Structure formats: structure tokens, C-alpha cells
Protein chains: 2
Amino acid sequence: MRRKKLSTEELTNGIRKGDRLVLSRAITLVESQRPEDMEQAEVLLQTLLPATGRSFRLGITGVPGVGKSTFIEAFGTLLTEKGLKLAVLTIDPSSQRSKGSILGDKTRMEELARNPNAFIRPSASGSTLGGVSGKTREVMLLCEAAGFDFIIVETVGVGQSETLVHGMVDFFLLLMLAGAGDELQGIKKGIMEMADAVVINKADGDNLKPAKRAKVEYQNALHLFPANLSGWIPQVKTCSALEKSGLEEVYEMLDKFKRKVKSNGYFDKNRADQQVSWFKENLTDLLRTSFFKKPEVKQRYEEKLKEVQSGKTPALNAAREVISII
Amino acid sequence: MRRKKLSTEELTNGIRKGDRLVLSRAITLVESQRPEDMEQAEVLLQTLLPATGRSFRLGITGVPGVGKSTFIEAFGTLLTEKGLKLAVLTIDPSSQRSKGSILGDKTRMEELARNPNAFIRPSASGSTLGGVSGKTREVMLLCEAAGFDFIIVETVGVGQSETLVHGMVDFFLLLMLAGAGDELQGIKKGIMEMADAVVINKADGDNLKPAKRAKVEYQNALHLFPANLSGWIPQVKTCSALEKSGLEEVYEMLDKFKRKVKSNGYFDKNRADQQVSWFKENLTDLLRTSFFKKPEVKQRYEEKLKEVQSGKTPALNAAREVISII
């Protein structure tokens with residue numbers, strides 16, 4: 001049943017032609033932990049690099065229940081109607097631990113999944129010991145090389161993945177509901193301040209009035225935040241993904257943002273900074289991984305962790321005692 | 001001219017007696033990078049550990065010009081009048097690079113510096129390659145063992161040090177000025193959301209009215225933030241450090257916070273979590289330091305960094321190529 005392995009050339013050519021089956025297999029390759037796959041993935045990424053970077057990268061976060069799937073389905077359909085080719089990558093922090101999934105259920109985004117100009121792919125965050133070994137960025141590059149010109153990276157907004165996503169996109173959108181504060185209970189501190197826009201979803205029916213009120217409140221609040229380096233002032237919008245209202249306004253906002261940051265140089269600067277950060281994060285992560293591979297390190301680490309937790313050993317001492325193994 | 005080295009026993013006894021001269025020398029020892037000093041510091045910290053942890057740890061941040069020194073001088077004097085022994089540790093991100101200093105000038109906090117119940121000590125953040133090799137936490141432990149029951153950790157709020165400080169204190173206070181938004185230009189994103197309180201300083205004279213207005217605005221804004229794990233709702237206060245008004249209210253707020261988090265268990269839980277994080281951060285930092293000690297690593301790193309910056313090599317590839325040295 002095992003499929004024949006595709007050569008790097010076959011993968012490269014297939015992706016360049018926009019072959020989705022080949023793209024899918026390339027993603028699997030990039031996500032693989034097998035040494036020979038990792039080597040091939042490196043060559044593939046290096047080869048495709050000149051063909052990457054041309055999409056607009058949008059990060060979307062929000063707690064479960066806020067209507068992310070419905071929003072992406074409706075907004076994504078709008079994008080494809082405008083002639084854009086859309087890739088949706090969902091980062092699912094639960095998938096690695098429980099093998100269950102918040103985002104991965106099959107019934108989500110059915111319409112978009114059948115759309116010939118859309119490509120949906122879940123992507124495990126795969127964090128180990130605080131590391132960031134997920135491959136969402138590399139998957140993004142593959143999608144760009146395959147000709148997708150709009151990438152949505154979706155995350156649930158309750159864990160570490162938002163900071164990660166914020167660091168890989170051009171625009172970070174926080175999806176919320178009206179009902180001041182309540183829907184934020186699950187969201188992590190700091191996310192609000194990272195948002196380039198807050199979009200209040202489910203602004204329909206009885207919810208329309210509270211949504212409009214919430215819009216004013218958030219607009220006032222965002223005013224008090226530190227300025228963005230991009231020169232962009234975070235916006236607040238309302239929409240109803242269900243009734244497909246307000247989506248055109250979201251699109252126009254993104255377009256306005258893009259024009260602004262492309263003309264003031266922030267777009268390119270941010271992309272370059274993100275690449276450098278990603279390089280450094282990967283380096284730290286790989287260093288930790290190779291260190292923790294040694295069984296005696298792992299054992300000493302667990303011992304010292306317990307001593308720190310119980311207040312028996314100062315944190316700095318404990319760290320030095322683990323490091324002293326090498 | 002070199003002073004005789006104190007033995008660990010002399011240091012331990014001196015600190016336990018609250019001898020400031022010995023405390024100062026112990027701090028110098030803990031901050032030293034010399035291997036034999038580091039070894040002695042470890043033993044000292046281990047010995048003193050049971051005598052630590054009994055202070056209230058307050059982090060204060062704010063951009064230059066907001067009046068941090070004046071605030072700490074006035075508030076610190078109030079604390080000592082209440083019979084508390086206060087240690088003020090200032091983290092100065094500029095000191096390591098330029099040898100110049102935002103916080104270290106001698107004219108600051110003159111009154112407090114002469115106060116027999118106060119102890120002021122600047123502390124370089126000493127970050128290398130994004131690491132966190134500063135020793136402020138360890139200095140804090142020494143001060144606690146010396147009998148200081150209130151610790152203020154001050155930082156300028158423009159760099160990476162705030163997250164660091166937030167991770168080592170019980171309460172994080174953001175000092176601001178009235179004048180909606182302007183004073184935030186220099187502050188980093190995410191700091192606002194970490195604050196347990198926003199205190200608007202210089203609420204005096206013509207500034208009183210704008211300060212009161214700003215208080216209402218920030219109160220409304222903080223309402224929209226995600227809830228704190230502590231169950232504490234961030235407060236907004238106004239004060240004038242110059243006129244010494246509003247300081248008692250700040251003290252009462254801290255007292256209220258302390259009673260709340262001690263009774264709901266958050267205080268201890270947070271302290272334990274902070275220790276574990278500190279252990280992990282130190283571990284990563286030491287790992288990076290020992291890796292970058294190799295000259296060939298450093299060289300390869302610089303090469304790859306340039307390739308990533310110029311878009312010639314994918315970040316993941318570059319990181320793997322640096323790591324491949326070991």
C-alpha cells in the first residue's frame with residue numbers, strides 16, 4: 001500500500017504546476033521527522049524558495065465558539081470569487097496531545113473544501129518542551145510556490161500558537177463576539193495588543209446592537225494601546241459570517257493595510273525580521289532537541305524540575321546542574 | 001587594592017544579619033562570570049534558599065519621563081514609614097551595551113538612598129543573543145535572605161526586560177502619564193495586558209483633570225482585556241509622586257491584591273510556576289551560551305544569518321546547517 005516516493009524533481013515540478021496531490025505529499029514530507037525525509041525537505045525548500053513570498057498572509061485567531069470556521073468559509077469564498085487562490089492552514093494545538101482535535105473535524109468548511117481555488121490543510125503545532133518545531137511556515141512556503149496568493153493561518157487563541165502565528169503572518173486578525181469581556185475569558189493575555197484588527201462576528205439579528213456597541217468600546221480601547229511599528233492603527237469591524245455581511249469591508253481593510261505597509265516599507269522589513277526570528281527560534285529548538293535526546297539529560301532534567309517545583313533547589317543552580325552533563 | 005575574598009560562611013552569616021556591605025559583595029559575587037565565583041554563588045544561593053521568598057515583589061515599568069524614580073522615591077519612603085525594609089533593583093537594558101545608562105545615574109533617588117531601611121542596586125540585564133543571563137532573580141533572593149520584606153524591580157518598559165520582570169514579581173505595575181496614547185509610543189506591545197495596575201502619575205496642577213479622564217478611559221479599556229489567572233481585576237489609579245498624593249491608595253491596592261491571591265492560592269502557585277519557568281529559561285540560555293562558545297559555530301551562525309536576511313536560505317535550513325556542527 002505504500003506509495004512510491006516522489007523525487008525532489010517530481011515534487012518541485014508538481015508544485016510549480018500547482019498539482020494539489022503533489023503539494024499534499026510535499027507537505028507530508030516537510031512535516032516528517034524521518035532523517036531522510038528531512039534532508040529531502042531541505043533541498044525542496046531551498047529549490048522552491050525563489051518562488052515563495054508572493055502571497056498575502058493572514059492570521060486568524062479566536063476562542064472556540066466565535067465562529068472561525070464559518071467566517072473562514074464565507075470570507076474564503078469571497079476571496080476565491082475575487083479570483084484569488086486561497087490556502088487555509090489550521091494550527092491545532094490539541095492534535096499532538098490527545099490525538100483528538102478542536103479544528104480537525106471533517107464537517108468544517110465543507111463548501112470551501114470543495115472549492116477548486118481553495119486548499120485546506122490542518123497542521124499540528126507539534127511543540128516539544130516549549131519548542132516550536134511545527135512546520136506551518138514551511139508549509140506556507142510550499143503553498144506559495146504552488147501558486148496560492150492568499151494564505152490564512154488559523155489558530156484557536158488559547159495557547160502558545162498565537163504568538164507563533166503572529167510571527168509568521170502579515171496581518172493578525174482577532175475574531176470576537178459581542179458581550180464585553182466574556183468571550184475573552186479563554187484568550188491569552190497579550191493577544192489583543194497584537195491584533196491588527198478585531199472583527200466582531202455574529203453581528204446579526206438580536207446581536208446587531210450589542211455588536212455595534214462592542215465595536216465602539218473596542219475602538220476606544222485600541223486607541224490606548226502602543227502604536228504599531230507598521231504605522232497601522234488597529235481597526236474594529238463587525239460582520240456576520242452566517243449572513244455574509246461585513247465581509248467585503250474586511251477585505252477592503254486588508255487591501256488598505258497592504259497598500260500602506262507596502263508603500264512605507266514595513267511589509268518587506270517585517271517579512272525579513274520574521275525570517276530572522278524563525279531562524280533563531282529553530283536554532284534554539286534544534287539545540288534543545290539534540291540536548292534532550294541524551295537519556296541521562298532527560299533523567300537529570302526531571303529530577304531537577306521536581307526540586308525546583310518543591311523549592312528545594314534554586315532555579316539557576318538546577319539549570320547549571322543539568323547543563324553540567326555536557 | 002583587591003579586597004580579601006569572603007568565605008561562603010562569612011557571606012551567609014553577614015547576609016543573615018542584614019549586613020549591607022556583605023550583601024553588596026554577595027550580589028557582586030552572584031553577578032560575576034568567573035567560574036570560581038559562579039561555583040561559590042551556587043553554594044551561597046542553595047544555603048540561603050530556605051530564608052528567601054518572604055517578601056512582596058513589585059515590578060514597576062514605564063517609559064523614560066514618566067517619573068519612575070520620583071515615584072519609587074516617594075512610594076518607597078512611604079513603605080519604610082510603614083516599617084517595611086525595601087530593596088530596589090533597577091534593570092537597565094542600556095548598561096551592558098553602551099556602558100551609558102538610563103537608570104544608573106547617581107542623582108536618582110537620593111533621599112531613598114540615604115534611608116537606612118532602603119537598599120538600592122542597579123542590575124544589568126546582561127542579555128546575550130536573546131538570552132536572559134541577568135541575575136536579578138538571584139539578587140532578589142539575596143535581598144530576601146537579608147531581611148528585606150518588600151522588593152521593587154524597576155525597568156524602563158521599552159525592551160525585552162518587562163516580560164522578564166513580569167515573570168519574577170507578584171504584582172506588575174505600569175506607570176503612565178495622562179495624554180491618551182502619546183506616552184505609549186515607546187512601550188512594547190503586550191505590556192498593557194500584563195499589568196495588574198496602571199498608575200497615572202503626575203496627576204497634579206493642570207494635569208489633574210486629564211489624569212482623571214485618562215483613568216476612566218483605561219478602566220474601560222482594561223475591562224475588555226482577558227481575565228487574569230489570579231482572579232484580580234487590573235486597577236487604574238492616579239497619583240502625584242511629586243505632591244505625594246495617591247500613594248496610600250496604591251499601597252492599599254497592593255495589600256488588597258496580596259490578601260486576595262494569598263487566600264485563593266494564586267500567590268504560591270504563581271511563585272512556583274515562575275521558578276519552573278526560570279529554570280527552563282536558564283537551561284536554554286546556558287545551552288545556547290555553551291554552544292556559541294565554539295568559534296566555528298559563531299562564524300557559521302553569522303554566515304547563515306546573512307543568508308536568511310537576504311532571503312537566500314530558508315530559516316529552517318539555515319538553523320539545521322548551524323546545528324550540524326555538533
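Reply: Axes here are lines fitted to C-alpha atoms, for helices over the stretch in contact, and angles run from 0 to 180 degrees between N-to-C directions. Please keep in mind throughout that this is a predicted model.

Me: OK, take helix α2 and helix α7 of chain A: at what angle do the axes cross, and within what distance do they come?
Reply: In chain A, the axes of helix α2 (residues 20-31) and helix α7 (residues 136-145) come within 10 Å and cross at roughly 155°. Since angles over 145 degrees count as roughly antiparallel, α2(A) is therefore roughly antiparallel to α7(A).

Me: And is that crossing left-handed or right-handed?
Reply: α2(A) passes α7(A) in a right-handed crossing.

Me: Which residues meet there?
Reply: From α2(A) there are A:Leu23, A:Ala26, A:Ile27, A:Val30 and A:Glu31, and these meet A:Glu138, A:Val139, A:Leu142 and A:Cys143 in α7(A). Sorted by class, the contact of α2(A) with α7(A) has 7 nonpolar residues, no polar ones and 2 charged ones.

Me: Switching to chain B, how do helix α2 and helix α3 cross?
Reply: The axes of helix α2 (residues 20-31) of chain B and helix α3 (residues 35-48) of chain B come within 8 Å, with a crossing of roughly 120°, and α2(B) and α3(B) are therefore oblique to each other. The crossing in which α2(B) passes α3(B) is left-handed.

Me: What makes that contact?
Reply: On the α2(B) side it is made by B:Ala26, B:Leu29 and B:Val30, and on the α3(B) side by B:Asp37, B:Gln40, B:Ala41 and B:Leu44. By class, the contact of α2(B) with α3(B) has 5 nonpolar, 1 polar and 1 charged residues.

Me: Which helix of chain A packs with α3(B)?
Reply: Helix α14 (residues 315-323) of chain A packs with α3(B) at an angle of about 130°, the axes being 9 Å apart, which makes α14(A) oblique to α3(B). The crossing of α14(A) and α3(B) is left-handed.

Me: Who's touching whom in that pair?
Reply: A:Asn317, A:Arg320 and A:Glu321 of α14(A) make the contact with B:Met38, B:Glu42, B:Leu45 and B:Gln46 of α3(B). The residues of the contact of α14(A) with α3(B) divide into 2 nonpolar, 2 polar and 3 charged.

Me: Zooming out, how many residues of chain B are in contact with chain A, and how much area do the chains bury?
Reply: There are 61 residues of chain B in contact with 61 residues of chain A, and between them the two chains bury about 5700 Å², 69% of it on carbon and sulfur atoms. Within chain B, the residues that lose the most area to chain A are B:Lys189, B:Leu224 and B:Phe279, which together account for 14% of what that side buries.

Me: Through what surface do the copies meet?
Reply: Of the interface residues of chain B, 100% are also interface residues in chain A, so the copies meet through the same surface.

Terms used:
Residues numbered from 1 in each chain as written. Chains lettered and ligands numbered in written order. Predicted model: local features only at pLDDT ≥ 70, side-chain atom pairs only at ≥ 80, totals over all residues. Heavy atoms only, no water. Helix = DSSP H or I, 4+ residues; strand = E, 2+ residues; numbered from the N terminus. Parallel < 35°, antiparallel > 145°, perpendicular 65-115°, else oblique. Left-handed = near helix turned anticlockwise from the far one by under 90°. Contact = heavy atoms within 4.5 Å. Nonpolar A, V, L, I, M, F, W, Y, C, P; charged D, E, K, R; others polar. Buried area = accessible area lost by both parts, 1.4 Å probe.
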